[in-house]
Amino acid sequence: MPEAPRPRAAVIQFPGVNCEYESARALAAAGAEADILRWNEDPARLAGYDLFLLPGGFSYQDRVRAGAVAAKEDILEALADEAAAGKPVLGICNGAQVLVEAGFVPGLRGEDLELALAPNRMPGRRGYFSEWCHLRVADSTPSWLGILSERVLPMPFAHGEGRFTSRRPGLFEELAAAGQVVLRYADAEGAVAAGWPENPNGSELAAAGVCNAAGNVLAMMPHPERAAWLGQVPELLPGPWGWKRRRAFGEWPRLKGPGPGHALFAAMVGAAAARREAVDAT
Amino acid sequence: MAAVIEVSRLSRADLESALAEHSLTLKPDEARRVAELLGRDPTLTELTLFDTMWSEHCSYKSSRAHLARHLPTEGPDVVLGPVEDAGIVRLGEADGRRWCLVMSHESHNHPSQVLPFEGAATGIGGIVRDVYCMGAEVVGVLDPLRFGDPRGEHADRSREIMAGVVDGIWHYANALGVPNLGGDLVFHPGYDDNCLVNVVAVGLVPEEEIIRSRVPAEARAEPYDFILVGKPTDESGFGGAAFASVILDEEEENRGAVQVPDPFLKRVLSEANKAVLALARRGGAAIGFKDLGAGGIACVSSELAEAGGFGMRVDLDRVAVSDPALPDRVIACSETQERYGLAVPRRLTPRVLAIYNEEYDLPHVYPGACARVAGEVTNDGRYTLTRGGAVLCDAPVAVVTKGIRYEREAAPAARDLPDPPPALDRDLGADLLALLADPNLCDRRYLYQHYDGEVQGNACLRPGEADAGVLAPFAGSPLGLAVTCDGNPWYGARDPYRGAALAVCEAVRNLACVGAWPLALTDCLNYGNPEKPGPFGAFAEGVRGIGDACRGIGRLAEDDQAPAPRHPIPVISGNVSFYNESARGAAIPPSPIVALAGRVPDISVVPGLQLKAAGDPVYLLGARRAELGGGAWHRVCRGSEGGAVPEPDFARVRTESLAVIRAVQAGWVRAAHDVGEGGLATAAAEMLLGRRGEPARGLDLDATGGDGGGGLPPASLLFSETGGFLVELAPAADDAFAELCRALGVACLRLGAVTAAPRLVLRAGGAVLVDLDAGELAAAWQGALPRLFPAGEETPDGAREVADA
């Protein structure tokens, strides 16, 4: 039987994003064939791809609000069609802000902007905040991250506006009940964060990543592409990944092997491959 | 020809007032010299151009002779010394290519004092352009920062400036997508009226893809255009270089000389530039590429031409401007940010313009931004600037770019402060806690967390995790890159020569801790008014100190491990910042700041500074001497700056560093930290605390004999600032390490071991000198810095304010 072709990933480059190269590299390491697509290329090109990544950065210099201008680009309309077809879409940091601004997430029908990513709330700090955190994957979720249920994934975050919030009372509880609060800030053992600094921005329910109801679109603030290789993990990070990192001391082949963020990309690429197989079979 | 200023006819007094009327800083004699060189009276645009070119900032008119005399700039690894905006050295092979390291180092002191946010942001913006225009990708920045006393007479102003500078740095660098690799933060009352914001940028480029800032020789054979790309030219930053070269006086009036930052446009431009450089490579076309900084369009176009031995004709009518009513000389010389100049073969011009204006859609991405042909390269060696048919400048290129020199008087530095009386019966544990809580030694994590240290995905050791920042920038190779920066104003104030030399010594030690071979040094020499013999004497001594240290320590590399240096550490780029002096006449302490980059052959064995495993032996390299002068313990615990500044011992730095580098590369070292400010006790506490201030281990060390039998009193043993190393070894490496040190003639002393209990115990001569719980150390160390920032300030009831951005 011939080997299945690698799923094709498009990393969409809005003006001002700055994580497109390492994101493409992480997708490639997880088995995808990754291209970087400029925002003003022909939107029809999207149909040729199996999965999509909106990388971090400062698209359109965060004019109006982070992500707000990119959310109005033509290419987002084409992306909405691809998402409706069930293809996996991941927005990281500024990419998450774009997905939220464009209404992909949480994607409730008939209402505008249910969610927002608001300025961080941090005791004794203001502005940008960058550190490593631990994320716990929801135990039951429609997301392609479901195969990582209950796992704890450490990775860095870096943002000034990453607080998941909503004007609608009870929305986060509803989303959590539906498994859409896929990633929550936690401690190294996986207990969901009770407050700052484990929850670094004051997000409701310590939400770090939220998906749509169908589960194929995920908006997350932390950066899995900065934890895709073991060598990227800080040597004294608490928990099993820090231990793995120290155990790999002196062994370059292990350090260039998978880090905690790799599993996330692998799950996404795997979901894209499975979807295409299902489509091809029908 | 446009109207001229009749400098040759005006009396000295009239000339002075004419120059002042046009806000020119040229002296009357200098204006007359311009007329002499031109052979006629200059236009206002020409005078403005020379005003910039002959500013201290651009011309190095006072400093150049000293730099040339003392600083070594060549070596086996050097590709390009300090002739352009950035220096280049060979780093090594990875992924099948020969990679070079590009490095640039500058100051943005005056702008940051006046407008902290914009000043610091455009400091980053300018320094990364210097590296980009060599064809490199910028992989990191470092920011050595110096502010006034946060608890002194001008505390509010100093803290406000600090907060603005930090905001400016993160807003720019984070948005641009360039990680922070380190830097340092020093508070000293000597910076109350003059903060220092130095910036270092580091980049990587394959050797065959290096681009030079000159019109290429190919322009003899085919026509070349001069293309200007980026933000539309406006009046921002007009007179900036001249502003950097005078004493800060009427701050309010000078704000227009500070540029306006735009990291967003810079990011889009960088992506478009990459596409243009790739197009040129594919087409086999040589191009010239230079960023616009001081002196704007006039400087960039004349210098591109001069460096290649060509002439240039620029038509200001073809330049995109924010406002057509801008005066000629403003369009010619303003320092509007986010612009580049290119010399490209005319056959490629349409495609280059299409990349900028269509593919990357600059005009829609940013109002008024675009690429346009603004002139052409000529073979006649003349520099011509026109607008609306009027000739604004017409002179041989060599005249326009010809510099000016001064021989300044240098007074010997003399400042002899006595030793404070001996300190007996002190609680050294309490002293250590006081040191750790001092703004100059406390935890910097609060600061680092403002900066994105992870973007690009190459972080290996982040700021605070080790003595140097380490990157692993190559997907398929363990080759890494390490960078650090240093400079201690108390040493500089006590002894300008030693202060400068010690900055180099400490930088070498920092790199040794991460097992890096030191490759190349850059410097930024921050001093007061060079027209005064005192500050100029301190400058001259500082340059001599850096040069002596670079030669005395010498290059260290795989093929260069002899006890005596064979090559110097090369100085490949740098900057001189004079006039760091207030109108009240208070000059900053002599502040040479150096940055040092090195090659890490295998990132998998590089240790951080935090302790790893209970039972591991801990060694001291570098016997303690009575060297507390200008040191933290005298200053913080005893209120004295007196005593002997450490003596730079180049031979010892060389051999001790060699021992540590080889031990790290052999995989024997689990943690390493240099001993410097705050001495042995502070270094030990820092190893226990680590970057995150979450101690998991403790230390029990006996410093008896740590002075090599010199009979030092306990306080000197713990706090003397003699350079050295503390090293945690894997237990199995004990004997091999001792043997390595013996072979190199390095004295190493086993002081004790890492303990499971999180406690710091320091002993000597049978007595326990310090016995502190790690939690107590962490509390002292972590609390100090956040309280100096507005959002972290204590409110009257002691609770922290909760701030919303």
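Student: Which helix gives the largest share of the lining of the second largest pocket?

Tutor: Keep in mind that this is a predicted model. Several elements each supply at least two residues of that lining, among them helix 1 (20–29) of chain A and strand 3 (97–107) of chain B. The largest share is 9 residues, and it comes from helix 10 of chain B.

Student: Which residues are the closest to the centre of the second largest pocket?

Tutor: This pocket has a volume of about 880 Å³, and 32 residues line it. By class, the lining has 15 nonpolar, 7 polar and 10 charged residues. The closest to the centre are A:Y21, B:W99, B:E137, B:L204 and B:K274.

Student: Let's turn to where the chains meet. How many residues of chain B are in contact with chain A?

Tutor: Contact here means heavy atoms within 4.5 Å. On the chain A side, 48 residues take part. On the chain B side, the residues divide into 29 nonpolar, 15 polar and 20 charged. The number in contact from chain B is 64.

Student: Which residues of chain B lose the most area to chain A?

Tutor: The area buried between chain B and chain A is about 4,400 Å², with carbon and sulfur atoms giving 51% of it. Three residues together make up 13% of what the chain B side buries. They are B:F264, B:Q449 and B:S604.

Student: What is the distance between the closest N and O atoms in the salt bridge of A:R226 with B:D452?

Tutor: Across the interface of chain B and chain A, the rule finds 6 salt bridges. The pair A:R226 and B:D452 forms a salt bridge, and the cut-off for such a bridge is 4 Å. The closest N and O atoms of this pair are apart by 3.0 Å.

Student: How many residue pairs are in polar contact between chain B and chain A?

Tutor: The elements that give two or more residues to the side of chain B that touches chain A include helix 8 (155–176), helix 10 (263–282) and strand 27 (802–804) of chain B. Counting pairs with both residues at pLDDT 80 or more, the number in polar contact is 26.

Terms used. Residues are numbered from 1 along each chain as its sequence is written. Chains are lettered from A and ligands numbered from 1 in the order in which they are written. This is a predicted model: local features need pLDDT of at least 70, side-chain atom pairs count only at pLDDT 80 or more; totals for chains, interfaces and linings use all residues. Side-chain values use heavy atoms; hydrogens and water are left out. Buried area is the accessible area (1.4 Å probe) that two parts lose on being put together, summed over both. A salt bridge is a side-chain nitrogen of Lys or Arg within 4 Å of a carboxyl oxygen of Asp or Glu. A polar contact is a pair of N or O atoms within 3.5 Å; within protein, one must be able to donate a hydrogen and the other to accept it, and residues adjacent in sequence count only if both atoms are side-chain atoms. Helices (H or I, at least four residues) and strands (E, at least two) are DSSP runs, numbered from the N terminus. Ala, Val, Leu, Ile, Met, Phe, Trp, Tyr, Cys and Pro count as nonpolar, Asp, Glu, Lys and Arg as charged, and the others, Gly among them, as polar. On a 1 Å grid over the protein atoms alone, a cavity is a set of points where a 1.4 Å probe fits but cannot get out, and a pocket is an open set with protein on both sides within 12 Å along at least five of seven lines; lining residues have an atom within 4 Å of a point. Grid points are joined across faces, edges and corners, and a volume is the space filled by probe spheres set on the points.
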